Amino acid sequence: MIISNEHEQQKLQTVCAEILAQINKNTEGLRARREGVIEARRLMSKATHVVRDFDDVVLLTMYAQEVSATEVAYGETSKELARLSRIMDTPYFARVDFIEKGYDEREEIYIGRHSLFDEKMQTFHVYDWRAPISSLYYDYGVGHASFVVPVKEAPTISGEIVLKRHYQIDKGKLEYYFDSDLAVEDDILRRELSKVSDAKIKTIIHSIQREQNHAIRSQADSVLVFGPAGSGKTSVGLHRLAYLLYHHRGTLSSAKVRIFSPGSVFASYIEGIIPDLGEDDVAHMDFCALISAHSRRSFKDNYELIEFLSAAKSGASERLAWLEHKYSPAFLDHLERTVNNHAPALDEDVYFNTDKICDRKRLAALYANRTTASTLAGKTARVIDYVNQCFAGYYRLNKKSITALFESITEESLTDAEARARFEEEKLIVITDLRNRLSPSPQKLYERALKTFAPAKTTPMRYVYEALKQESLYFEDALLLLYISLLTGRAAPDKTVRHILLDEAQDTTPLQHRILQKMYPASHFTLLADVRQALYPGINVHHENDLAALYPTAQVIPLTKSYRSTYEINRFAAQFLPEAQRHADEANLYMRHGDEPQIINLTGQPAAATCEILAALPPEYQTIGILLTDTKKARTFHADLKIADPDLSIHLIDSTDHRFGPGIMIMAVPYAKGLEFDAVICPEYGQLKNIGGKMLYLICTRALHRLYLLS
């Protein structure tokens with residue numbers, strides 16, 4: 001480790017001076033643009049007082065365009081200033097000296113969070129970690145190396161790395177640096193992993209491992225990343241989004257990207273990381289929001305379903321039995337066939353009074369013709385448009401006789417408008433009946449599919465009708481109705497979304513995967529999954545091959561090492577996995593040592609023992625998780641803790657409070673997916689150790705440094 005070096009100190013001063021110069025330049029530009037915005041708005045306001053002719057409209061349009069352009073420039077300058085301010089603290093974290101094949105010159109490549117380009121010198125002081133040349137740092141040690149650039153001719157640049165250096169820079173001051181011939185020095189990673197949690201996911205740009213880097217920089221349109229708990233899947237997925245936004249500036253923007261999170265707790269945990277990586281924030285979505293956007297019916301959310309599954313015993317209820325049927329690929333295929341094979345009875349001509357308006361054979365032909373639209377909604381719209389045209393043509397030709405007909409019925413004189421209104425009422429009756437036959441409601445199609453699905457006949461249909469008549473639908477029923485709306489064309493797909501990040505993909509049911517593919521047909525996917533953490537049989541995806549089959553064009557990338565927990569905690573957690581997985585995971589444990597997990601045999605109350613553990617934890621620990629199998633138990637234990645120590649500050653995370661933050665948190669295990677804590681306490685170890693399996697694996701692998709199990 002080297003504390004100081006004249007060349008390195010000079011380099012840092014040069015870089016900081018350039019950052020300051022660009023900050024000053026942009027500050028002046030921001031001031032000028034602010035004045036420009038104010039002046040443009042003043043002129044536009046003045047021009048809008050009186051609009052006399054076409055020339056005034058043209059002038060007003062020109063002012064509006066000028067205001068818009070000036071405001072866009074102001075916003076871009078503001079973002080550039082924010083970016084420069086962020087990198088001032090730590091302008092770069094690594095250096096690679098590279099000699100390109102065929103050249104003698106040694107190039108010093110400094111790597112940081114963002115690029116720093118000197119327009120006067122026409123050179124990069126610092127390269128963005130996402131730049132092609134920066135992959136040298138993550139993929140190679142000292143010696144032969146290469147990287148790929150986005151050009152058709154000679155895209156691979158080869159050469160030799162003669163130096164790799166890592167820096168610790170804080171508040172613009174060089175504290176130390178050291179050289180290494182490894183891809184990313186173990187000491188760097190170990191130091192990062194040993195830090196306490198600050199209740200937010202961290203960026204890992206200075207400690208990305210080689211296998212993680214391959215997933216982040218994959219050129220495949222869609223990738224499916226598998227890895228054990230603590231392998232960095234979530235960080236990889238988020239950094240991949242930042243990488244894609246950087247490399248596809250012209251075609252991809254944050255507005256065209258969505259992050260589908262397992263739940264609101266997890267969403268709060270990863271909040272802000274995309275802006276921290278230098279990109280505009282990306283919208284977070286979940287399936288509840290999707291359902292709400294396409295349905296007026298109220299429904300129970302996914303948290304209610306998680307609570308039900310956590311407390312339910314196999315075969316213990318009709319809901320559980322039907323749930324496994326409804327989520328099965330076999331039923332989903334049957335449901336699609338039910339929708340696609342819907343054949344309305346078009347066995348009658350359309351009449352007004354005694355006059356034929358439309359021929360039934362013509363309507364059937366229009367409905368059967370799939371050249372324009374293949375969904376029920378599209379075919380129905382085609383038929384209804386034709387019927388409307390026929391009625392309109394009939395009215396034009398028979399206006400007087402139609403008026404006379406209604407006057408004879410009402411025995412009073414009618415104006416043209418009154419006669420037309422009565423005609424429209426009669427037409428609406430015909431159209432409504434026709435529309436209902438052509439495109440039944442999603443609920444009717446759903447009931448029809450359930451009735452005709454043979455395996456489901458083992459459980460009473462009575463349950464289905466009662467469930468669908470509830471004031472609030474079950475989450476699974478609301479999802480299926482959304483899926484039918486997509487299949488029929490009632491819900492329009494969103495073709496503006498171009499990329500989706502889906503975390504905990506093993507917990508996303510096959511139904512939800514199909515919904516995503518139907519809802520976002522133009523989107524590519526980054527999927528993150530660990531089948532070891534699939535808790536619910538018949539609902540989650542439990543085999544990697546099954547998940548890969550849902551995305552046949554996605555590149556499958558395995559992450560093998562587990563970094564989050566200490567070696568001792570990871571080794572302990574592995575015992576709860578099936579034997580084949582256990583041996584594979586144990587062979588890839590990262591060697592960061594710490595305390596052995598403590599199994600505490602209780603002589604008193606679990607709450608009292610937990611209070612003693614909390615009192616003895618290191619004061620620097622920022623996050624402590626107390627994990628129980630379901631929210632009902634978490635609420636009970638929270639009350640017990642408050643009795644044991646009324647002064648204890650504990651945050652109960654449940655269906656009404658999804659905030660993840662520093663302190664002591666108590667929650668149901670499923671809500672803890674993707675999260676990490678400095679210390680974890682499991683009050684139910686005694687009950688779970690013989691039956692817990694994946695549940696215990698999930699609990700144990702949430703702990704960064706310490707794990708306590710009460711028995």
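Me: What does Tyr 463 touch, not counting residues up to four places away in sequence?
Reply: Tyr 463 touches Glu 318, Arg 319, Trp 322, Lys 326, Tyr 474 and Glu 476. Each counts as a contact because contact means heavy atoms within 4.5 Å. The model is predicted, so local features need pLDDT of at least 70 and side-chain atom pairs count only at pLDDT 80 or more, while totals for chains, interfaces and linings use all residues. Residues are numbered from 1 along each chain as its sequence is written, and side-chain values use heavy atoms, with hydrogens and water left out.

Me: Why is Tyr 463 called buried?
Reply: Its relative accessible area is 8%. Buried means under 20% relative accessible area, exposed means over 50%, and partly exposed lies in between (1.4 Å probe, protein chains only). The value for Tyr 463 is 8%, so Tyr 463 is buried.

Me: Where is Tyr 463 found?
Reply: Tyr 463 is in helix H18 (residues 462-469). Helices (H or I, at least four residues) and strands (E, at least two) are DSSP runs, numbered from the N terminus. The C-alpha atoms of Tyr 463 and Pro 329 are separated by 21 Å, and the two residues are 134 apart along the chain.

Me: How do you know whether His 125 is buried or exposed?
Reply: The relative accessible area of His 125 is 10%, so by the cut-off already given His 125 is buried. His 125 lies in strand E4 (residues 123-128). Leaving aside residues up to four places away in sequence, His 125 touches Lys 11, Thr 14, Val 15, Glu 18, Tyr 110, Leu 116 and Asp 118.

Me: What makes E1 and E6 a pair?
Reply: Two strands pair if DSSP finds at least two bridges between them. Strand E1 (residues 94-100) and strand E6 (residues 156-170) are joined by 7 bridges and run antiparallel, so they count as a pair. The bridge partner of Val 96 in E6 is Lys 164. E6 is also joined to strand E7 (residues 173-179) by 6 bridges, again antiparallel. In the hairpin of E6 and E7, 2 residues stand between the strands, and Lys 171 takes a positive phi near 55°.

Me: Why are E10 and E15 said to stand at the edges?
Reply: The 6 strands of the open sheet come in the order E10-E9-E13-E14-E8-E15, with parallel pairing. Strand E10 (283-285) and strand E15 (555-558) each have a single partner strand, so one side of each has no neighbour in the sheet. The twist averages 20° from one strand to the next.

Me: What does H6 touch on the sheet?
Reply: H6 packs on the sheet and touches strand E8 (223-226), strand E9 (257-260), E13 and E14. The direction of H6 makes about 165° with that of E14. Axes are lines fitted to C-alpha atoms, for helices over the stretch in contact, and angles run from 0 to 180 degrees between N-to-C directions.
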